[in-house]
Amino acid sequence: MATSIREQPAATEAARCLIVDDDPLVRRTLGRVLQSQGMAVAEAASGEEALAAFEAGPVPLVITDLYMPGMDGVTLLREVLERHPDTAVLIITGVAEVKTAVECLQLGAMDYLSKPVLVEEVRTRVHNALEKRRLTLENRWLQRTYQERLEERLRELSRRNQEMFLGQVQMAVRMLEAKDVYTRGHSQRVSIYATRTAVQLGITGVLLDQIRLGGELHDIGKIGTRDAILNKPGPLTADEFEEVKRHVVEGEEILEPLRKEHPAVLQIVRWHHEHLDGKGFPDHLTGERIPLVARIAAVADAFDAMTTSRAYRPPREVSTAMKELDRCAGSQFDPDVVGAFHRAFPDSTRLPLNQ
Ligand SMILES: [Fe+2]
Ligand SMILES: [Fe+2]
């Protein structure tokens, strides 16, 4: 019985073949046939030796006997296919072992050779097995490549769609503000106030980008609010106020396509009117249940609203607005955010930003 793997010179790595049989004569006979087909042949006298042979590199083809001392051919087949599923395995069977041969095929063996092995049959079946394996690998590679290209294309399309959608909603905000001289530039300024405040709180990267965008889009829902209410030169009735309040929920609905890529934008849109004490809207969230990005947007939004003129009142002084933020810190606003806002804009003479 052979105790070691005898490696024949390789013709090509792809045609490396491992013959597993405890009978040296069978190994030698098969080895000669395969070598005459230009293959590199390694021999193993047992299943254990065969598995060890894989450590030297990939083995595209294994031809194994069924009955061997130690690990039998069926076990070897299972082990090989589990560890190296791309290996083609041929089983050598006696005429009385047809049932086992069929079981092996069901387990994933590529084919079987009947004893006594005939040279022509070996050549044909080995050739067919290697060809089938090659086609399977090629097919899988093609499928994977196709799949990757398809996914890449879909990602690209989705990115372009998002960009187009973003362009449209940004345009919508500009149109919305163009209708109302009092709120012109509001979204841009809220975006800048919020972004600089966020920087003071250590926010960077993707989240900072979303805060910038969220500031720009926070009032997008006002597209659905009637002009007569938006431009009303006086206090709103309770019903009118209810209609204005809907802009946060409607804005979130409009921006639904952004939810996956820009979740913080939707948080800002829905919750920028929430108060720390739960007296805001639409969900009466309290404290840290209000996402930080929305707490930041709330301060930025309120400051800009106070320091710009409205149809029904002149703008407040910057110092007054700053004091108002301080006064409401802890009840309406997050004190940390108010602190960060002060740090972001230490020179009040430069405020408010361009209107
Ligand atoms: Fe708003
Ligand atoms: Fe606003």
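Predicted model: local features only at pLDDT ≥ 70, side-chain atom pairs only at ≥ 80, totals over all residues.
Before we meet a pair of packed helices, a word on terms: axes are lines fitted to C-alpha atoms, for helices over the stretch in contact, and angles run from 0 to 180 degrees between N-to-C directions. Helices (H or I, at least four residues) and strands (E, at least two) are DSSP runs, numbered from the N terminus. Residues are numbered from 1 along each chain as its sequence is written, and chains are lettered from A and ligands numbered from 1 in the order in which they are written.

Let's start with the overall layout.

Now look at strand β4. All five of the five residues in β4 (residues 61-65) are buried, so the strand is largely enclosed by the rest of the structure. Here a residue counts as buried if 20 or more other C-beta atoms lie within 10 Å of its own, as exposed if 12 or fewer do, and as partly exposed in between, with C-beta atoms placed from the backbone. In a regular strand the side chains alternate between the two faces of the sheet. Accordingly, Leu61, Ile63 and Asp65 point one way from β4, while Val62 and Thr64 point the other way.

Strands are said to pair if DSSP finds at least two bridges between them. β4 pairs with strand β2 (residues 16-20) in the parallel sense over four bridges, and Ile63 of β4 is the bridge partner of Ile19. β4 also runs parallel to strand β5 (residues 88-93), to which five bridges join it. Along this pairing, Leu61 has Ala88 as its bridge partner, and Ile63 stands opposite Leu90. β5 is mostly covered too, with six of its six residues buried: Ala88, Leu90 and Ile92 point one way, and Val89, Ile91 and Thr93 the other.

Next, the helix pair. Helix α6 (residues 186-200) and helix α14 (residues 335-344) pack at about 105°, with their axes 8 Å apart. That makes α6 roughly perpendicular to α14, a label used for angles of 65 to 115 degrees, with under 35 counting as roughly parallel, over 145 as roughly antiparallel and the rest as oblique. On the α6 side the contact is made by Arg196, Thr197, Val199 and Gln200, and on the α14 side by Val337, Ala340, Phe341, Arg343 and Ala344. Two residues are in contact if their C-beta atoms, placed from the backbone, lie within 7 Å.

Helix α11 (residues 263-271) is mostly covered, with eight of its nine residues buried. The buried residues of α11, among them Leu266 and Trp271, pack against α7 (205-217), α10 (247-254) and α12 (292-307).

Finally, some loops to visit. His284 lies in the loop between α11 and α12 and has a positive phi near 50°, in a residue other than glycine. His284 is exposed, with 12 other C-beta atoms within 10 Å. Another cis peptide bond joins Lys115 and Pro116, with omega about -5°.
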